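Here is a short note to keep beside you as you look through this model for the first time. Please have the sequence and the 3D view open, and take the points in order.

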Amino acid sequence: MSKRIIKKVAVLGSGVMGSRIALHFAGIGLQVLLLDIVPAEAKESDNKALRNKIVNDSLTAAIKSNPSPAFTKDVVKRVSTGNFDDNLKDVGTYDWIIEVVVERLDIKQSLYEKVEQFRKPGTLITSNTSGIPIHLLSQGRSEDFKKNFCGTHFFNPPRYLRLLEIIPTPDTDKEVVDFLLHYGDLFLGKTTVLAKDTPAFIANRIGVYGIMAIFGLIDKLGLTIDEIDALTGPIIGRPKSATFRTADVVGIDTLVKVAKGVAENCPNDEAKETFTIPAWLDKIVAKNWLGDKTGQGFFKKVKGAGGEKDIQTLNLQTFEYAPRQKPKFASVDAAKPVDDLKQRLKMLVAGQDKAGEFYRQFHYGLFSYISNRIPEISDEVYRIDDAMKAGFGWEIGAFESWDVLGIERTTKAMKEAGYSVAGWVNEMIEAGNKSFYKIESGKKLCYDPSSKTYKPIAGSEAFIILSNHADKIVWKNSSCKLYDIGDDVIGLQWNTKMNSIGGDVLSGISKAIEAAEKDFKGLVIANDGANFSAGANVGMIFMIAIEQEWDELDMAIRMFQNTMMRARYSSVPVVTAHHGLSLGGACELGLHSDKVCAAAETYVGLVELGVGLIPGGGGTKEFVLRASDEMHEDEPETITLKNRFLTIATAKVATSAQEAFELGIYRKGLDEVIMNQDRRIGEAKRSVIEISDSGYTMPVQRKDIRVLGRNGLGALYAGINGMTKANYATEHDATVARKLAYVMCGGDLSEQTLVSEQYLLDLEREAFLSLCGERKTLERIQSVLKGGKPVRN
């Protein structure tokens with residue numbers, strides 16, 4: 001592996017992509033220089049602000065955008081700005097130069113000519129182009145420039161879409177390619193995919209084919225826009241934006257441009273007719289109905305009679321907008337209750353209605369297309385799946401879907417329906433190979449068409465997927481599975497709706513710790529899927545409270561608290577690997593773990609106040625404990641407690657793992673951010689081994705937690721009353737907040753006192769139980785269970 005060290009990155013071009021790429025690099029701690037052109041009216045001016053107006057305005061707009069392109073607000077401090085005329089000379093001190101200017105070959109080549117005057121030899125120089133052939137960009141440049149030049153195609157928004165396509169030219173040094181694949185994965189948190197220098201590279205080639213194929217099926221099967229989006233969204237593991245909403249967001253003109261580019265530049269593509277623009281799509285572009293950028297496209301926001309916003313859908317026959325319809329398909333209704341995507345996909349493709357016919361034709365066409373793209377756009381099957389999952393948000397790749405439906409059976413059905421497959425697929429089936437992927441010894445292997453064998457997926461050595469260890473299950477119950485993941489470490493995961501934490505899961509955590517203490521070095525707690533856990537099972541709490549089974553509820557809360565304390569006070573290290581939503585009880589589990597290895601994209605917080613409760617699984621206690629440890633003599637003691645109180649009282653959720661440190665949820669110097677979430681379980685395992693080997697000793701329960709009693713209560717109550725009078729909080733909000741304040745101050749104590757963890761847990765549990773008896777709390781919980789936001793009552 002190269003010895004390159006990246007400390008400073010220069011980003012040339014500050015548009016939507018450039019400014020956000022700059023913030024992503026700054027987010028991992030690098031110094032970033034962001035440059036753009038001087039405005040025409042400022043060419044003769046000496047005023048720096050005027051000359052940098054374009055770049056500064058772009059950066060400001062990026063920072064204000066939602067969702068935020070930066071992990072924390074302070075990230076922008078690491079970005080300095082300038083312009084090409086005054087500051088291009090500065091790139092000579094930077095380690096990586098990334099070009100993100102307008103998609104015109106002449107403009108890019110002109111900029112490279114200027115860059116080469118200042119760039120030091122050996123410096124990485126890459127382009128974020130999405131459509132211009134990479135080899136054309138470096139024409140006319142020096143040998144050193146060419147061997148250090150490569151395509152690095154980020155997807156928008158670069159913080160959230162994990163795909164980074166690496167596209168070398170014939171002149172690119174192999175060391176550069178290897179470095180970019182590794183650096184993008186480890187430091188930028190990306191799924192790095194090696195792509196060939198072909199039109200639209202990998203993800204856009206397959207993604208735009210899929211959209212254009214769907215456009216063709218609209219007329220063929222007589223489907224509407226609303227029907228297509230209902231069929232191509234989360235029901236098949238695709239984003240909520242589905243097909244037409246995605247087109248509106250991306251820009252219909254952009255979609256048309258890419259489709260035309262493939263049709264013109266891929267004369268040998270057997271499906272090039274699919275990329276022909278339908279007449280109705282040409283008409284939409286001619287009307288300048290390009291989607292969000294022009295205010296209307298396939299959808300249009302209108303104001304209702306009462307002033308409320310309504311979204312209407314375009315009728316492709318009449319070209320008029322009408323209220324959105326909720327389509328009904330028997331096969332979809334039957335599949336919706338099935339949580340397992342693979343089982344759901346099988347049901348949908350087997351459907352005997354119009355939806356089933358759509359799914360068959362769409363998948364048959366997709367499978368045919370991807371089979372013929374090997375080896376044109378990629379030599380490896382898995383790179384196509386990786387690109388689609390990371391770049392287009394698919395939960396399951398195209399080849400993975402083919403596996404689910406059965407390669408042999410599906411290929412036969414495809415041929416009967418008039419769809420062909422590439423010769424290598426036929427050879428694979430004839431050789432008795434039944435799938436593109438298979439698991440051996442916990443590792444995922446993929447079929448390699450060139451060698452006709454199964455090979456490990458390159459770069460995945462550090463990735464641990466718990467479900468891949470199905471042959472090494474140590475213990476399981478109806479919700480949990482405990483795996484031996486090697487090196488004397490076990491891993492626990494559970495599979496419930498939103499990975500919520502109920503009685504089975506709590507039992508599983510206790511059992512896993514018991515097993516680890518008996519035979520292993522330690523325990524990793526992690527989950528596959530989109531989220532770690534949305535928190536405690538509030539449905540269970542609601543049902544017990546409605547039945548007024550207070551003793552049962554008291555036992556349930558005690559069980560939760562005892563399980564969290566078991567995680568804290570075990571004789572082996574317990575490391576939790578958060579990612580995605582890690583709310584409420586999931587946050588409390590992290591608070592009580594020896595360490596948290598959190599993916600950068602982790603949204604963690606104690607959110608119980610949102611449903612009229614306080615954290616009851618030790619979260620309130622833990623915040624009091626940490627506030628006690630943070631109190632300093634040089635500041636009022638109530639300040640530290642107030643900050644902790646407000647974090648819980650406002651149900652703050654960190655919008656990144658980095659922000660969780662600012663909120664005091666993660667501990668500086670102890671918990672760790674893992675940029676690539678695929679590495680989080682591997683890093684958690686490494687941490688267990690490291691902590692164990694350094695001589696782990698079980699901590700002793702704390703009895704020295706300083707609480708402020710009435711002094712703290714007075715300050716917190718005053719703040720609560722002020723918020724209520726100013727109408728920032730309802731009376732019920734105030735009731736809940738006072739309960740929280742009472743616990744966090746240690747109760748109605750006349751002076752500061754040192755108390756134990758158990759003392760605070762008892763207060764926490766009593767407050768939680770009393771709030772479960774509040775009618776308005778139950779109304780809030782019921783609202784959430786129905787799929788809405790908590791009602792403000």
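1. Helices here are DSSP runs of H or I with at least four residues, strands are runs of E with at least two, and both are numbered from the N terminus. Before going on, note that this is a predicted model, in which local features need pLDDT of at least 70, side-chain atom pairs count only at pLDDT 80 or more, and totals for chains, interfaces and linings use all residues. Residues are numbered from 1 along each chain as its sequence is written, and side-chain values use heavy atoms, with hydrogens and water left out.

2. Is threonine 411 buried or exposed? With a relative accessibility of 2%, threonine 411 counts as buried. Buried means under 20% relative accessible area, exposed means over 50%, and partly exposed is in between, using a 1.4 Å probe and protein chains only. The side chain of threonine 411 reaches back to the backbone oxygen of isoleucine 407, at 2.6 Å. Setting aside neighbours within four places in sequence, threonine 411 is in contact (heavy atoms within 4.5 Å) with Trp402, Val421, Val425, Asn426 and Ile429.

3. Not counting residues up to four places away in sequence, tyrosine 359 touches Leu231, Ile235, Ile236, Val332, Leu348 and Val349.

4. How does helix 9 pass helix 16? The crossing is right-handed, which means that the near helix is turned clockwise from the far one by less than a right angle. The axes of helix 9 (residues 203-221) and helix 16 (residues 354-372) come within 10 Å and cross at roughly 145 degrees. These axes are lines fitted to C-alpha atoms over the stretch in contact, with angles from 0 to 180 degrees between N-to-C directions. Residues making the contact include Tyr209, Gly210 and Ile214 of helix 9 and Phe358, Phe362 and Gly365 of helix 16.

5. Two prolines deserve a look. A cis peptide bond joins asparagine 156 and proline 157, with omega about 0 degrees; proline 157 is in the loop between strand 6 (149-154) and strand 7 (163-167). The bond from isoleucine 374 to proline 375 is also cis, with omega near 5 degrees, and proline 375 lies in the loop between helix 16 and helix 17 (381-392).

6. Finally, check two positive phi values. Most residues other than glycine have a negative phi. Asparagine 288, in the loop between helix 13 (279-286) and strand 9 (299-303), has a positive phi of about 65 degrees and is partly exposed at 45% relative accessible area. Aspartate 488 has a phi near 65 degrees; aspartate 488 sits in the loop between strand 16 (480-484) and strand 17 (489-494) and is partly exposed, at 43%.

Key. A polar contact is a pair of N or O atoms within 3.5 Å; within protein, one must be able to donate a hydrogen and the other to accept it, and residues adjacent in sequence count only if both atoms are side-chain atoms.
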